Amino acid sequence: MSQLKPISSHLDNIPSTPGKFKMDKSPYIHRLRWHFSLAKLSFWCFLFLGLILIFFLRSTPPSSPYSDHSRRSLGNPSTWGGPAWEKRVRSSARVQSRKGITVLVTGAAGFVGTHVSAALKHRGDGVLGLDNFNDYYEPTLKRSRQDLLERTGVFVVEGDINDLPLLRKLFDVVAFSHVMHLAAQAGVRYAMQNPSSYVHSNIAGLVSILEVCKSANPQPSIVWASSSSVYGLNSKVPFSERDRTDQPASLYAATKKAGEEIAHTYNHIHGLSITGLRFFTVYGPWGRPDMAYFFFTKDILKGKSISIFEGPNHGTVARDFTYIDDIVKGCLASLDTAEKSTGSGGKKKGPAQLRVFNLGNTSPVPVTKLVSILERLLKVKANKVMLKMPRNGDVQFTHANITLAQRELGYKPTTDLQTGLKKFVRWYLSYYSSSGKKSSG
Ligand SMILES: O=C(O)[C@H]1O[C@H](OP(=O)(O)OP(=O)(O)OC[C@H]2O[C@@H](n3ccc(=O)[nH]c3=O)[C@H](O)[C@@H]2O)[C@H](O)[C@@H](O)[C@H]1O
């Protein structure tokens with residue numbers, strides 16, 4: 001009891017209610033009661049905190065390999081909808097020329113998406129962009145591309161291709177004649193780190209685009225980005241559209257190949273007119289910071305070492321690098337030659353067009369040569385480290401046969417790597433120096 005005294009002494013005679021004074025209870029009883037209430041209070045506090053903890057844990061989704069991608073990108077409905085938003089959508093999609101088309105461009109704030117959107121707008125087509133602005137690479141670059149498009153009159157809606165209510169809303173507001181589907185999870189090596197993001201964007205995302213297109217009235221014609229990577233371990237060069245594509249070397253390639261098969265299904269069942277474009281290592285101004293030519297430039301300027309991959313027995317690794325302006329011409333020609341879809345009300349009314357084209361440059365260049373061109377343009381010697389090509393998705397060689405695209409689309413690339421890289425370097429230096437923007441990493 002004597003230990004209790006110092007704590008309880010100043011509490012013993014304090015009235016529980018103002019005006020009342022308790023005289024008839026012993027201090028011992030008071031102390032006991034106080035301790036009892038304290039224990040009760042602690043019990044309820046712990047229970048309450050425990051319940052809050054359980055609620056919090058249950059309401060937080062388990063972390064998944066693509067949780068950062070999907071959660072950050074599945075559009076917040078509050079960012080779209082409403083009369084002012086619809087007005088912007090309509091105005092952006094309004095055709096300005098007599099023979100203009102109305103195109104929904106997905107991945108519009110991406111590298112190819114920005115260039116294609118601007119080119120379409122420039123020639124008088126109606127263009128609406130869609131992009132989820134995910135942070136696979138620096139979102140500030142995507143925002144700068146968005147600013148660029150805003151200035152040309154293209155509104156880029158912020159939302160995800162998996163957001164079906166948003167897609168349906170867009171088709172309610174605008175009767176798109178074409179969809180240029182460029183939104184994707186790109187990069188062959190990143191698939192080792194975040195496989196689910198490829199399934200999410202390149203498979204589930206493609207299916208939701210096709211689902212909405214299939215039900216739209218009228219059904220649009222679709223042109224979409226496949227990839228040279230579908231040729232995988234194919235060793236017959238140059239790669240022709242007739243060559244085998246059943247040996248993908250990366251999950252990225254596998255999802256693009258799956259996309260081509262999915263396209264076949266929607267064409268076959270629903271009469272959607274679909275054109276897949278196999279892009280060959282596209283580069284140029286406003287490019288993707290995850291690509292070698294881009295981060296080599298950054299690292300060379302910073303004096304950091306760069307790893308150059310080589311094949312077995314020091315074999316050359318080479319790419320059919322294709323300049324963005326040539327790719328844009330191929331994309332526009334694909335839209336212009338796309339036949340109408342044949343379905344209505346989701347049902348096929350007759351056979352519809354299904355095409356696949358290589359869009360490459362037809363002249364592979366070794367990566368070592370790419371680096372020496374950059375060294376010359378940047379006037380800085382690279383700190384090169386030769387590395388055996390890691391087994392994480394890369395292939396040793398790509399080379400496009402473009403006969404089919406030439407014949408059907410009039411596609412004819414005109415920019416060699418030296419000329420294209422010169423334009424890229426000029427853009428890079430002005431973008432990262434003049435505007436005070438910093439490249440990440
Ligand atoms: O055509 C495509 O369909 C794909 O093109 C692009 O893939 P890739 O051709 O692999 O381009 P990219 O990564 O720039 O590597 C270029 C070269 O540098 C070599 N490379 C790369 C990294 C490195 O550290 N060292 C190196 O030597 C590397 O071995 C390679 O030889 C797109 O990213 C992809 O999204 C897809 O569109």
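Student: Where is P238 found?
Tutor: P238 sits in the loop between β5 and α9 (251-270). Helices here are DSSP runs of H or I with at least four residues, strands are runs of E with at least two, and both are numbered from the N terminus.

Student: What kind of model is this?
Tutor: It is a predicted model, where local features need pLDDT of at least 70, side-chain atom pairs count only at pLDDT 80 or more, and totals for chains, interfaces and linings use all residues. Residues are numbered from 1 along each chain as its sequence is written.

Student: Back to P238. Is the bond from V237 cis or trans?
Tutor: The V237 to P238 peptide bond is cis, with omega near -10°. The bond from N217 to P218 is cis too, with omega near 5°. P218 is in the loop between α8 (195-215) and β5 (221-227).

Student: Which residue has a positive phi although it is not a glycine?
Tutor: N313 does, at about 55°. It lies in the loop between β8 and β9 (318-319). Most residues other than glycine have a negative phi, and most peptide bonds are trans.

Student: New topic. Which residues come nearest to the ligand?
Tutor: A186, S227, M291, A292 and F309, out of 18 residues around the ligand. A residue counts as near if its C-beta atom, placed from the backbone, lies within 6 Å of the molecule or strand.

Student: Which strand gives the most to that shell?
Tutor: Strand β8 (residues 305-310), with three residues.

Student: How does the shell split by class?
Tutor: Ten nonpolar, six polar and two charged residues. Ala, Val, Leu, Ile, Met, Phe, Trp, Tyr, Cys and Pro count as nonpolar, Asp, Glu, Lys and Arg as charged, and the others, Gly among them, as polar.

Student: Now helices. At what angle do α12 and α14 cross?
Tutor: Roughly 45°, with the axes of α12 (residues 367-378) and α14 (residues 417-434) coming within 10 Å. Axes are lines fitted to C-alpha atoms, for helices over the stretch in contact, and angles run from 0 to 180 degrees between N-to-C directions. So α12 is oblique to α14. Angles under 35 degrees count as roughly parallel, over 145 as roughly antiparallel, 65 to 115 as roughly perpendicular and the rest as oblique.

Student: Which residues make the contact?
Tutor: L370, I373, L374, L377 and L378 of α12 meet L417, Q418, L421, K422 and V425 of α14. Contact needs C-beta atoms, placed from the backbone, within 7 Å. By class, that is eight nonpolar, one polar and one charged.

Student: And at what angle do α5 and α6 cross?
Tutor: Roughly 5°, for α5 (residues 111-122) and α6 (residues 139-152), with axes within 10 Å. They are therefore roughly parallel to each other. T114, S117, A118, K121 and H122 of α5 touch R145, L148, L149 and T152 of α6. This contact has three nonpolar, four polar and two charged residues.

Notes:
Contact = placed C-beta atoms within 7 Å.
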